[in-house]
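Biologist: Could you put the model up, and then we go through the backbone together?

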Amino acid sequence: MLEGLRAITTGLRRLLQAPLLSASSENGSMDMDGDGQEASTIRVKLSVTVWDFVLPVTPSLPAVFGISETVIEDRFGLEHGSEDWYGSLDMHYQWLLQYRISPYFCRWGDNMRVLTYTCPWPADHPKSEEYYSDPRLAVYAIPYAPVLSSTDAAKDVLRKELEILKRKPHWKKSYFYLWDEPLNLEQYDIIRRMSGEIRAIAPDARVLTTYYCGPSDAPIAPGTFEAFVKVPSFLRPHTQIYCTSEWVLGNREDLVKDITAELHPENREIPNLNMWSIMPWIQK
């Protein structure tokens with residue numbers, strides 16, 4: 001046992017005498033107690049260097065979480081649009097933001113259409129600027145109002161939001177999330193149409209689309225990985241952020257290069273893995 005401890009001590013001494021660990025004025029100690037009939041204690045000096053750095057306020061890799069507004073309403077018995085409703089959404093927003101998570105709230109429409117937004121207040125409300133300009137927020141979702149109602153009034157709301165936000169310094173953090181996991185060419189056409197309406201007002205707007213397969217009725221063998229990889233070709237130029245889940249790849253991480261090879265980074269197309277939705281648990 002003692003021979004083993006001596007060998008460990010010799011190894012540690014050589015390690016701690018290495019040049020990378022020698023420049024420090026902060027010394028501590030570490031005791032190693034022998035285990036056996038003959039007790040032995042070996043004291044080893046440690047040198048620790050602490051580098052002067054801080055984590056960035058704005059995350060370099062955005063983490064986006066979704067919260068269902070209908071779940072908040074049902075769980076807490078809140079009326080949509082009431083003062084308590086706004087207060088609850090704000091509480092959830094602040095709770096996630098403290099962990100540098102960029103939240104969005106959502107409400108489902110027909111099929112898998114989804115209304116997503118980070119700020120429950122309109123762009124001309126003071127709270128909007130407070131939300132979007134917070135440096136802890138890496139990205140934010142803008143609501144596409146016509147997703148629930150395609151009336152002229154809803155389209156006017158969308159236009160007003162875009163006209164205000166596209167002139168803001170934080171505009172580069174914005175995105176639209178319009179449809180969750182489209183399955184066929186008809187749904188892809190709807191995404192393209194919605195994106196076209198947005199980009200007619202703000203040509204540099206970004207649209208995010210989640211998917212786990214290619215369109216089932218595309219002129220490519222359904223269910224094949226080729227159909228999955230070719231998704232950008234069906235959505236270009238109407239989607240810039242392509243978001244899929246890691247489980248789709250299974251243990252074939254080598255397939256990532258095939259996915260990224262289909263993207264056009266010169267057109268600001270980027271891949272993204274995993275978008276999460278969570279259920280609220282904060283108590284009133």
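**Backbone and confidence**

Modeller: Pro 237 sits in the loop between α9 (231-235) and β9, where helices (H or I, at least four residues) and strands (E, at least two) are DSSP runs numbered from the N terminus. This is a predicted model, in which local features need pLDDT of at least 70, side-chain atom pairs count only at pLDDT 80 or more, and totals for chains, interfaces and linings use all residues. Residues are numbered from 1 along each chain as its sequence is written, and side-chain values use heavy atoms, with hydrogens and water left out.

Biologist: What kind of peptide bond joins Arg 236 and Pro 237?

Modeller: That bond is cis, with omega about 0°. Most peptide bonds are trans.

Biologist: And which way do the residues of β9 point?

Modeller: In strand β9 (residues 241-244), Ile 241 and Cys 243 point one way while Tyr 242 and Thr 244 point the other way, and all are buried, that is, under 20% relative accessible area, with exposed over 50% and partly exposed in between (1.4 Å probe, protein chains only).

Biologist: What about Arg 100, which phi does it have?

Modeller: Arg 100 is not a glycine, yet its phi is positive at about 60°; Arg 100 belongs to the loop between α4 and β4 (102-108) and is partly exposed, with a relative accessible area of 31%.

Biologist: How high is the average pLDDT of the chain?

Modeller: The protein chain averages 81, and 78% of the residues score at least 70, pLDDT being the predictor's confidence in each residue, from 0 to 100. Over residues 20-27, however, the pLDDT is below 50. Where pLDDT is low, the predicted coordinates should not be read in detail.

Conventions. Contact means heavy atoms within 4.5 Å.
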